[in-house]
Structures are given as C-alpha cells and as structure tokens.
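Let's take a walk through this protein together. Have the sequence and the 3D view open, and follow along.

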Amino acid sequence: MKKPLVIVTRKLPDVIETRMRELFDAKLNVDDKPMSREELTTAVQTADVLVPTVTDRLDARILSRSGDKLRLIANFGAGVDNIDLESARARGITVTNTPGVLTDDTADIAMALILAVPRRLVEGANVLTNGEFKGWSPTWMLGQRVTGKRLGIIGMGRIGQAVARRAKAFGLQIHYHNRKPIPKPTEEELEATYWDSLDQMLVRMDIISVNCPHTPATYHLLSARRLKLIKPTSYIVNTARGEVIDENALARMLEANELAGAGLDVFEHEPAVNPKLLKLKNVVLLPHMGSATLEGRIDMGEKVIINIKTFADGHKPPDRVLQAML
Ligand code: 8YV
C-alpha cells in the first residue's frame, strides 16, 4: 500500500521523526522554521495528512485552498483553536489532537505559577542575580500565603482537575466553573465547589486559574467587565490560551494595582506580549511552556502517529475532534 504523504510543519523530537519516516512518506521541517502562509497553503494542497502545531493558523482562507488529497489534520497539541473546524468539516477533513498526555505537565506549570506569583518567586530570584541582596529582614519580600486560599478553576476538564488535585495538596480550597458539574465522586475527592455562575465565583476567589479551551464561546470569557468583579487582592493564572482573557484590560488593571498579580504562560497575540505586562513586577510570564517536557512532546508525537496510522489503515483515529462526514 502506498504510504501517505505526511507534512509536518515544525521540528519534532528525533524519535518521533524517525518513526514517522519509517511509517509514512514524511516531509519534515528539520530547520524548524515556522511556515509562511504561502508554504502552509502549498502544504494543504499537496499533503494527504498535515501535522500542524499551535503556531500554524489554518483558517478558512487557507483551508478553502486545500487539495482533495488532504483527508486528515493530525494536530500536534491538545488545543485546536489554530484550526477552523467549520471549514475542515465542510471539506470532509478529519481533525485529531493529542489529549491526555500533556495534562500533568501543564498542571505542574499552573501550580508553579500559583505558588510563584503570590510568593514573589521571580522577583526574589532577580534580587540575587541583580546583585541587590543586602541581607534578610523581617518585613522584606513579603508575599501572600497560599495555604487556605480559595482557588477558582475555570474549565474543569482533565487539566483543570489535575490542577485541583495539586492545589488541594497545597491546602487550597477548590472551586470551579464549568459547563456542567464534574461527576460527584471526583467532586467529593477534590472537595470542590461548583459554580454555575462564573460571575458569582469570580467575586469570591483569591486565585483564578484558567484551564478551559479557547473556542468562540470562551473568547474573552474574562472580559474587562468580569475582571472588575475579581477582588483587587486576587491573582490570575493562565496556562490555557491567551484569548480567554482580555489581555489589554488585564494589563491595565495589573498596572493600576486593581489586581494583585498574574502568572501567564499564554498570550492573546503570541509571540507578542502586551508591553505593559513586561514592565510589571507583580507578574510572572512564561513563553508557552506548559507541555514543554521531552517526555510530553514524545508522547504527543506518538499520539499523532497513532492517529495517522489508524486513519491510514481505514479506521477511526482515537483522538477525533472532528469526524469528517463526507
Ligand atoms: C503545545 C498546547 O505547546 O497542546 C496544546 O494545546 O497549548 C501546548 O501544549 C502546543 O499546542 C503544540 O501545538
């Protein structure tokens, strides 16, 4: 049987690329230079299978130019907001993602930020590297205690629950907002309180963690109006997608001390970051590294391979976000 032409848009771990070469007619991007729109257009016109990442915008315009050959988009990543799903559906293209394997790594980074921001970790570390440490004092570098505080998790899927599990171990009280409550046994295990109304939850929380996907329904879910509901002594952590928060409004409020601080691993216009945020002391900013472990990226690659292989063998791939109807 002829091997499918698989175009991979970015450099993946060596073991994954080697396996892809063995199994498929794989066109790799060993230089890891992000593809231009023209290059992406050519890719959707020639590939049987495309393996994009968060940095490739497969919008309606690009997908409208895809060739008849393109049957599967096997996204390297859990979030699929880089792909216009409606266009893919209309063109009969199946879309898969890589859920589950990046849950713990992403939750670790969320927890790290939950600790880092109230305890001023980066600010403290910078004192040392800037040679400004003049000695200990009882009233210097004081942060806020994390234990006993209320954590409000927005989006209680796999990652949200993994954050809750970690946070509970650190003595935080778990609250969450989700489209629907999680199963009772899990809710009881986490001693979690469900809030049907996001607004009602926001006014009561000390730390907010964003863990929902970016969809048309969650775009600017934390709008300027909702951000104003949060107590000025509270913190926001986002390891999901920048688009879920109105970044301009957030930056303005942090600058005006209308919020205590923020830990952000994702941004609305990546790789650009609101310049206001870069100047603030009460924020910890990371370059979208929630799933950035070698093990995680290999697991993600293996999921991509399984999705392609099952699809190419004529079966339903396990991680279908969108099952083509055509
Ligand atoms: C990845 C992510 O870095 O999987 C996701 O949704 O945000 C990250 O874990 C990226 O998406 C890879 O494409």
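## A buried asparagine to start with

Asn75 sits in the loop that runs between strand S4 (72–74) and helix H4 (85–90). Helices here are DSSP runs of H or I with at least four residues, strands are runs of E with at least two, and both are numbered from the N terminus. Before going on, note that this is a predicted model, in which local features need pLDDT of at least 70 and side-chain atom pairs count only at pLDDT 80 or more, while totals for chains, interfaces and linings use all residues. Residues are numbered from 1 along each chain as its sequence is written, and side-chain values use heavy atoms, with hydrogens and water left out.

Is Asn75 buried or exposed? With a relative accessible area of 2%, Asn75 is buried. (Buried means under 20% relative accessible area, exposed means over 50%, and partly exposed is in between, using a 1.4 Å probe and protein chains only.) The side chains of Asn75 and Asn82 are joined by a polar contact of 3.2 Å. A polar contact is a pair of N or O atoms within 3.5 Å; within protein, one must be able to donate a hydrogen and the other to accept it, and residues adjacent in sequence count only if both atoms are side-chain atoms.

Setting aside neighbours within four places in sequence, Asn75 is in contact with Pro52, Thr53, Val80, Asn82, Ile83, Thr96, Asn97, Thr98 and Val304. Contact means heavy atoms within 4.5 Å. Gly301 is 226 residues from Asn75 in sequence, yet their C-alpha atoms are 9.6 Å apart in space.

Two other asparagines in loops are worth a look. Asn211 is in the loop between S9 and helix H10 (224–227), and it counts as buried at 10% relative accessibility. The side chain of Asn211 makes a polar contact of 2.7 Å with that of Ser209. Beyond residues up to four places away in sequence, Asn211 touches several others, including Ile153, Ile154, Thr239 and Ala240.

Asn282 belongs to the loop between helix H12 (275–279) and strand S12 (283–285). Its side chain reaches the backbone oxygen of Ala260 at 3.3 Å. Asn282 and Leu254 are 28 residues apart in sequence, but 7.6 Å apart in space from C-alpha to C-alpha.

Here is how some loop residues compare in accessibility.

| Residue | Relative accessible area | Class |
|---|---|---|
| Asn282 | 18% | buried |
| Arg120 | 25% | partly exposed |
| Asn257 | 58% | exposed |

Arg120, in the loop between H5 and helix H6 (121–129), has a positive phi near 55 degrees though it is not a glycine. Asn257, in the loop between H11 and S11, also has a positive phi, of about 55 degrees, without being a glycine. Another backbone detail is the cis peptide bond between Glu270 and Pro271, with omega about 5 degrees. Pro271 lies in the loop between S11 and H12.

## The nonpolar cores

A nonpolar core is a set of buried Ala, Val, Leu, Ile, Met, Phe, Trp, Tyr and Cys residues joined through side-chain atoms within 4.5 Å. The largest one has 29 residues, and Ile154, Val210, Leu227, Ile236, Leu250, Leu254 and Leu277 touch the most other members. Two or more residues come from each of helix H9 (198–202), strand S9 (207–210), helix H11 (247–255) and strand S11 (261–264). Which element gives the most? That's H11, with five residues. Apart from this core lies another, of 26 residues, among them Met111, Ile153, Ala167 and Tyr176.

## Helices that meet

Helix H5 (residues 103–116) packs against helix H7 (residues 158–169) at an angle of about 50 degrees, with their axes 8 Å apart. Axes are lines fitted to C-alpha atoms, for helices over the stretch in contact, and angles run from 0 to 180 degrees between N-to-C directions. So H5 is oblique to H7. Angles under 35 degrees count as roughly parallel, over 145 as roughly antiparallel, 65 to 115 as roughly perpendicular and the rest as oblique.

The axes of helix H1 (residues 14–23) and helix H13 (residues 294–312) come within 9 Å and cross at roughly 15 degrees. H1 and H13 are therefore roughly parallel. Among the residues making the contact are Val15 and Ile16 of H1 and Gly301 and Val304 of H13.
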